[in-house]
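Dear colleague,

I am passing on the structure we talked about, and below it I have set down what was found. Please keep it open beside you while you read.

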Amino acid sequence: MISIKHLSKQYRMKDQIVHAVNDVSLEIKKGEIFGVIGYSGAGKSTFVRLINRLEEPTSGDVYVDRHHFTKLGKNELREKRQKIGMIFQHFNLLWSRTVYENIAFPLEIAGIKKKDQQEKVNELIELVGLKGRENSYPSQLSGGQKQRVGIARALANDPEVLLCDEATSALDPETTDDILELLVSINKKLNLTIILITHEMHVIQKICHRVAVMEQGEIVEVGDVLEVFINPKEKTTKRFVKQLSPLEHDPNRLKEFLTDDENKEVIKLHFVGGTARRSLISEVAKKFDVYANILQGSISQTQEGSYGTLFVELDGNRSEIEEAIQYVRESGVEVEVVEHV
Amino acid sequence: MFEELFPNVVMDDMWTATYETLYMTIISVIGTFIIGLFLGLVLYLTDQGNLWSNRWINGITAIVVNVFRAIPFIILILLLFPFTDFLMGTIRGPKAALPALIIGSAPFYARLVEIALKEVDKGVIEAAKSMGAKTKTIIFKVLLPESKPALVSGLTVTAIALIGYTAMAGVIGAGGLGDLAYMKGFQRRDNDVVFACTVFIVVIVFIFQFIGDFASKKMDKR
C-alpha cells in the first residue's frame, strides 16, 4: 500500500547539515495501523510530512497505492493529497468556521457542489459522534471534540490513508482513549490505512498492529507490536516499553528482593495471548512447597492479543523452586530468572 | 442659547463640511482597504518561508511601503500636487484630496494587514495544504477569513487616522471640517467655529470606532 524507499530529508543549517530523516525504508500494508514512536526531535514529524510532501524529501521515493508520490507534479500532488487525510496535535481547525463548515472545507477544495456536500458532512458528523454540534464553533468545543472534527474533516474525501501527527498528545488520558477507539473503529469500518506518530507507548500498545522506533532520523527497530513489546532489542525501544511497566528493565527497584539466599528466587514471567488468563501462580503454590510472593504485575491489551508480565518471588527449598520454575516453563509461559546486578 | 454660545457658526456650512469630511473619509477608506490589503498580502506571501517566498518582490514592496510611510502627510499632499492634477483635473476640493489620502494611508494599512496575516496559525495553512488546497483557496478561504477581526480593527485604526488626515488636507483647501475650522474659524479668530468643528470630528471618530469595534467583535469566534 505505502512503500517508502531510502527516504531522506536534510536541512542546511548555518554551517552544518542536519539529517532530520535518514535513509528510511518501510512497507506499510493496506488496512494496517502503523505506529512510529520516537522522542521529540527524532524526526518523526518530519517523516510523516514527507509522505504527503508537506515537506519535500531530499532524496528517496514514496509510493502510495502504486502512485509514485515523489514524482508527482504540483497539480497531480494536490489532487492525490485529497486521498490522504491528516490530523494534527493541535487540531488546526479554522476557528472562523463552524463544525459543519470545517468538515465541508475539504469538499469545497475538491470542488464538490454545496448541496452535494450536505449528505457527506452529516454522515461524517454522525460517524465521529458530534451530532447536535454542527453549528458550534471550535472555540466552544473541548479538545476531544475538536479532534473529532479534525478526524471527520480528514475523512471527508474518502481517503485511503490517514496520517496522525501526535493526534492525542494534547488530550487528557480519558479523551485519548476515546479518540484511539474512534480511530480503531474507523480503521475497521473503512479499511483505512493509518500511520500514527507518537511519543507515547500506550498509544502504540492500544491500537497499532506494527510499530517502528525512530531515533535521530533513523528507524532502529520495526516489528509487530506484540513482538516488540515482549522482546525489545534496541535500547530506545526498551526505554519505551518501560513506560508501560516501570519495574521491568529497572533492576534497581527489585534490589531488595535480590539476595544471595539460595532459597529465594525472583522470576519474571511473560504471558502472551491465552496464557495470560491462567491461574498459574495458584497452581504453583499448591503443587510445590514454595511461597509465591507477587512483586509486580501488569497486563497490556494490544491489537494482536494481550501481553502480561509478572514478577514473583519464590520462597522455599532450592530443589522445589527449580521444579516449580520447570513446571511454569512447561506450561508455555516464558520465564526469566532475575539475577543480581 | 445656541446662538449666544456659537454666534459665528452657520449650520448649513457645518453640514456641508461634515458631508465633505465623510465623503473623503469613506472613499479613501475603501481605496486604502483595497490597496492596503493587496500590499499586505504581497508583503506576507512573499516573506521567507511563505507561499510565494520571493526576496526581491518582498524587498521592493517593503521599501515602497516604508518610504511612503515615512513622508509626513502634509508634505505628501504637496508632493502629489502634479499627480493629483493629472488624475483629478483639479487640486482643490474633497475629490482632489483622495489620491493623497489613499497613498498616504494604504502603506500604513498594508503593515497592519501583514501583522494580521502573520497571526494566522501556520498549522491551519498546513492543514489546508494537506487537503490539497490551491494557493488561491488558501488566501481566500483560510488567510483572509481567519484574520478578519484583525483586518477590521486595523481598518478602524486606519480610518480614524484618515479622519485626521482629511482635516490636514482641509488646511490646503480640500474642504471638510478641517477646512472650515481653519479658514472660517482660526483665520477670523472665531473660536466657536473651531470648537464646533472639533466636536463634530470627535463625534465622527467615535462613531467609526464604535462601528469598527462592534464589527470586529461580532466576527471573532475565537
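Between chain B and chain A about 2,000 Å² of area is buried, and carbon and sulfur atoms give 62% of it. On the side of chain B, the residues that lose the most area to chain A are B:Ser130, B:Met131 and B:Lys221, which together make up 32% of what that side buries. Please bear in mind that this is a predicted model.

Counted by residues, 22 of chain B are in contact with 22 of chain A. The two chains are also joined by two salt bridges, and B:Glu126 forms a salt bridge with A:Arg49, where the closest N and O atoms lie 2.4 Å apart. The elements of chain B that give two or more residues to the side touching chain A are α7 (122–130) and α8 (135–146), and α7(B) gives the most, with seven residues. Sorted by class, that side of chain B has nine nonpolar, four polar and nine charged residues.

Within chain A, helix α4 (residues 114–127) has 14 residues and reaches 20 Å from its first C-alpha to its last, close to the 20 Å expected at 1.5 Å a residue. Which residues of α4(A) are buried? They are A:Gln117, A:Lys120, A:Val121, A:Leu124 and A:Ile125, and what covers them includes α3 (99–109) and α5 (143–155) of chain A. After α4(A) comes A:Gly129, which has a positive phi, near 75°.

With best wishes

Definitions and conventions:
Residues are numbered from 1 along each chain as its sequence is written. Chains are lettered from A and ligands numbered from 1 in the order in which they are written. This is a predicted model: local features need pLDDT of at least 70, side-chain atom pairs count only at pLDDT 80 or more; totals for chains, interfaces and linings use all residues. Side-chain values use heavy atoms; hydrogens and water are left out. Contact means heavy atoms within 4.5 Å. Buried area is the accessible area (1.4 Å probe) that two parts lose on being put together, summed over both. A salt bridge is a side-chain nitrogen of Lys or Arg within 4 Å of a carboxyl oxygen of Asp or Glu. Helices (H or I, at least four residues) and strands (E, at least two) are DSSP runs, numbered from the N terminus. Ala, Val, Leu, Ile, Met, Phe, Trp, Tyr, Cys and Pro count as nonpolar, Asp, Glu, Lys and Arg as charged, and the others, Gly among them, as polar. The expected span of a helix is 1.5 Å times one less than its number of residues. Buried means under 20% relative accessible area, exposed over 50%, partly exposed in between (1.4 Å probe, protein chains only).
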